[in-house]
Amino acid sequence: MSRRWFITGGTPGNFGMAFAEAALEIGDRVALTSRRPDALTTWAEQYGDRVLVVPLELTDAAQVQRAVRAAEEHFGGIDILLNNAGRGWYGSIEGMDESSMRAMFELNFFAVLSVTRAVLPGMRARGNGWIVNVSSVAGLLAAPGFGYYSATKYAIEAVTDALREEVAGQGISVLAVEPGAFRTNAYAGFANEPVTETIPEYHDMLEQVRATFVEADGVQPGDPCRGARAVIAAMAQDPPPRRLVLGNGGFDAVIDALEQTLIDIRASETLSRSADFPT
């Protein structure tokens, strides 16, 4: 039977569209949300009633509820939730504008919770379903200039791990996906976003961060279509993985970071073990 997807972040040229097309390739049906649904009209028409485009401002909790209900009424339920929407702002930990920091958490973290909490009741009632949270390599290792973005993704990693255990007994599977550098429109805005750092000591560091992303735009090694198919393949494994890092560069960076973390933790084993009451 074809499965019914609910995918957030359906901007043309980004991962949401790649996931939608990968799902449609295998005969599934897709509800794709977007802040600009008109941009998806022509694309959706070729799939008829297998695609439902849903207008959605993710930070509006009432709209989230309406969008989920619309998809459930159209398809009769949601089998797979793909939390894909998100955005990265750059800035120093000390100097990033607080409104930007909070806006990033609202979109990258709290909106994910809103959609997940809206979809779960239907999945629990049927006793099956998938929650796939698109995190980032930045959710497993933080980078200078992207500390708050990484923090939102670290938070996604934490709730994904906890949710997986909470719903496992109810037939619901949960997967974290950590893409590295993929050839989407995610880097396109950096060319038009000058450094606005208020603390001069961080300006040069952030200018280098910006220049790196501008240079990488359009030549990222990751293929969104292949990445989406890899996620679908991972979901079909028995047992499926708990998390899936996507891309060669991302995989190597995560492995190296985790190995260095283990070295660091083990180097202080004596001190760590000294902190208990004597036995």
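This is a predicted model: local features need pLDDT of at least 70, side-chain atom pairs count only at pLDDT 80 or more; totals for chains, interfaces and linings use all residues.
The buried residues of H5 are Tyr148, Tyr149, Ser150, Thr152, Lys153, Ala155, Ile156, Glu157, Thr160, Leu163, Arg164 and Val167. Their cover includes helix H4 along with strands S5 (129-134), S6 (172-179) and S7 (243-246).

## A closer look at Thr160

Thr160 is one of the residues of helix H5. Is it buried or exposed? Thr160 has a relative accessible area of 0%, and because the cut-off for buried is under 20%, Thr160 counts as buried. Setting aside neighbours within four places in sequence, Thr160 is in contact with Asn133, Val174, Leu175 and Ala176.

Helix H4 runs over residues 98-126. Its 29 residues reach 42 Å from the first C-alpha to the last, close to the 42 Å expected at 1.5 Å a residue. Even so, H4 has a kink of about 35°, and the kink is centred on Glu106.

What follows H4? The next residue is Gly127, and its phi is positive, near 80°.

Which residues does Gly9 touch, leaving aside its neighbours within four places in sequence? Gly9 is in contact with Gly16, Thr33, Asn84 and Ala85. Arg36 is another residue to look at from here: Gly9 and Arg36 are 27 residues apart in sequence, and their C-alpha atoms are 9.9 Å apart in space.

Pro239 belongs to the loop between helix H7 (224-235) and strand S7. The peptide bond that leads from Asp238 to Pro239 is cis, with omega near 0°.

Asp264 is found in helix H8, residues 248-267. With a relative accessible area of 55%, Asp264 is exposed. Asp264 and Ile131 are 133 residues apart along the chain, and 33 Å separates their C-alpha atoms.

## The whole chain

Stepping back, the protein chain contains nine helices and seven strands. How does its radius of gyration compare with that of a compact globule? For 279 residues such a globule would have a radius of gyration near 19 Å, and the chain has 20 Å, so the two agree. Along the principal axes, the C-alpha trace spans about 55 × 55 × 35 Å.

Of the 279 residues, 44% count as buried. The accessible surface comes to about 14,500 Å², and carbon and sulfur atoms account for 53% of that area. Among contacts between residues at least 6 apart in sequence, 68% join residues at least 24 apart.

UniProt, in an unreviewed entry, lists residues 3-180 as "domain: Ketoreductase". In the model, this span is 46% helix and 19% strand, and its end C-alpha atoms lie 27 Å apart.

Methods
Residues are numbered from 1 along each chain as its sequence is written. Side-chain values use heavy atoms; hydrogens and water are left out. Helices (H or I, at least four residues) and strands (E, at least two) are DSSP runs, numbered from the N terminus. The expected span of a helix is 1.5 Å times one less than its number of residues. The bend at a residue is the angle between axes fitted to the seven residues ending there and the seven starting there. Contact means heavy atoms within 4.5 Å. UniProt positions are given in the numbering used here, feature names are shortened, and annotations may be inferred rather than shown by experiment. The radius of gyration is taken over C-alpha atoms; the globule rule is 2.2 Å times the number of residues to the power 0.38. Buried means under 20% relative accessible area, exposed over 50%, partly exposed in between (1.4 Å probe, protein chains only). Accessible areas come from the Shrake-Rupley method with a 1.4 Å probe; for residues, only the protein chains shown count as cover.
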